[in-house]
Amino acid sequence: MLVELNSVSKRYAMGDIWVDALKDVTLSLEKGEFLAVKGPSGSGKSTLLNILSALDQCDSGTVQVGGVNVGELSEHKRSKFRNRHIGIVFQSFNLIPVLTALENVMYPLTLRGVKEAKPRALQALKDVDLERQINQRPTQLSGGQMQRVAIARAIVTRPDIVLADEPTANLDSKTSENIMALIQKLNKEQDVTFVISTHDDYVTSQATRVITILDGKLVNDSLVADMQFKKRTKAGIAESGVGA
Ligand SMILES: Nc1ncnc2c1ncn2[C@@H]1O[C@H](COP(=O)(O)OP(=O)(O)OP(=O)(O)O)[C@@H](O)[C@H]1O
Ligand SMILES: [Mg+2]
């Protein structure tokens, strides 16, 4: 199993009160899955992604990514772990304004001291169809192009998993479709695992699995629902004697 969350809970202090952002969430993910996380605003989607990406820690429960218990890592080891294993795409892109597209994508590799940072970054930019924009700075790019740079930066390290928090929220519908086509391609052709939080039905329609979070609780999982449906169907067929 690539990711295993076991009874994960997270609370935030809001002045005098506590907000339960995640309550007892248990979830497993296999390599190659494309998981969409949906739920109303404030339901805990970003919290879940932040915990999965080891940007934040849970209060109770365990988070394992690639067999590593992320909660047991020191701050320093966690950021190293993120750089090695996790690609993150933020809603607001988070590109470095003074760097060109190419330099932005090279950055996580440079941090690691990878020698072939440039050819790898060029390839990642080619994968997202941005060969012609490599020397442009973020301000000289459109929203969709910036998001593609952010995706290139997330995949260039060949992470085990890419987490994207509402990657299409700031894009028009045509650009969203292009970004989703790109994510589909990376998921199918390069077996990149994706976890994407979204309010967008188009995004959920593209995923291989959809979970719903409500008030911090995992209330629906399409994989579990499918399995239950198959089990019920099988039992029903056996009972009716049709399959006999
Ligand atoms: N740093 C924080 N401090 C205090 N409360 C927080 C913090 N981050 C999140 N919360 C609270 O935790 C709950 C879950 O927030 P979260 O950002 O995970 O929701 P979300 O599903 O991503 O919402 P949206 O769709 O609006 O992005 C909310 O009630 C929010 O107010
Ligand atoms: Mg959010």
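How many helices and strands does the secondary structure of the chain come to? The answer is eight helices and 10 strands, where helices (H or I, at least four residues) and strands (E, at least two) are DSSP runs numbered from the N terminus.

1. Basis of the note. This is a predicted model, in which local features need pLDDT of at least 70, side-chain atom pairs count only at pLDDT 80 or more, and totals for chains, interfaces and linings use all residues. Residues are numbered from 1 along each chain as its sequence is written, while chains are lettered from A and ligands numbered from 1 in the order in which they are written.

2. Overall form. Along the principal axes, the C-alpha atoms fill a box of roughly 65 × 50 × 35 Å.

3. Of the 244 residues, 39% count as buried. A residue is buried if 20 or more other C-beta atoms lie within 10 Å of its own, exposed if 12 or fewer, and partly exposed in between, with C-beta atoms placed from the backbone. Two residues are in contact if their C-beta atoms, placed in that way, lie within 7 Å. Among contacts between residues at least 6 apart in sequence, 68% join residues at least 24 apart.

4. Strands of a sheet pair through backbone hydrogen bonds, either parallel or antiparallel. Here an open sheet of four strands has the order 2-1-4-5, with antiparallel pairing; two strands pair if DSSP finds at least two bridges between them. Strand 2 (17-29) and strand 5 (68-69) are the edge strands, each pairing on one side only. Nine bridges join strand 1 to strand 2, and Arg11 has Asp20 in strand 2 as its bridge partner. These two strands form a hairpin with two residues between them, and Gly15 in the turn has a positive phi of about 65 degrees. Strand 4 (residues 60-65) is joined to strand 5 by two bridges, and Val65 stands opposite Val68 in strand 5.

5. Thr62. This residue lies in strand 4 and is partly exposed, with 15 other C-beta atoms within 10 Å. The C-alpha atoms of Thr62 and Ser7 are 55 residues apart along the chain and separated by 6.9 Å. Not counting residues up to four places away in sequence, Thr62 touches Asn6, Asn69 and Gly71.

6. Around ligand 1. Which elements each supply at least two residues of the shell around ligand 1? They are strand 1 (3-14), strand 2 and helix 1 (45-52). The largest share, three residues, comes from helix 1. The residues around the ligand include Tyr12, Val19, Gly44 and Lys45, where a residue is near if its C-beta atom, placed from the backbone, lies within 6 Å of the molecule. By class, the shell has four nonpolar, seven polar and one charged residues. Ala, Val, Leu, Ile, Met, Phe, Trp, Tyr, Cys and Pro count as nonpolar, Asp, Glu, Lys and Arg as charged, and the others, Gly among them, as polar.

7. The core. The largest nonpolar core has 64 residues, and those with the most contacts inside it are Val105 and Ala152. Such a core is a set of buried Ala, Val, Leu, Ile, Met, Phe, Trp, Tyr and Cys residues joined through C-beta atoms within 7 Å. Helix 5 (residues 143-155) gives the most to this core, with seven residues. Residues touching Val105 include Ala121, Val149 and Ala152.

8. Strand 6. Four bridges join strand 6 to strand 7 (residues 161-165), and the two run parallel. Val89 has Ala164 in strand 7 as its bridge partner. From strand 6 (residues 86-89), Ile86 and Ile88 point one way and Gly87 and Val89 the other way, and all are buried.

9. Positive phi. Most residues other than glycine have a negative phi. Phe93, in the loop between strand 6 and helix 3 (101-112), has a positive phi near 70 degrees. Phe93 counts as buried, with 20 C-beta neighbours inside 10 Å.
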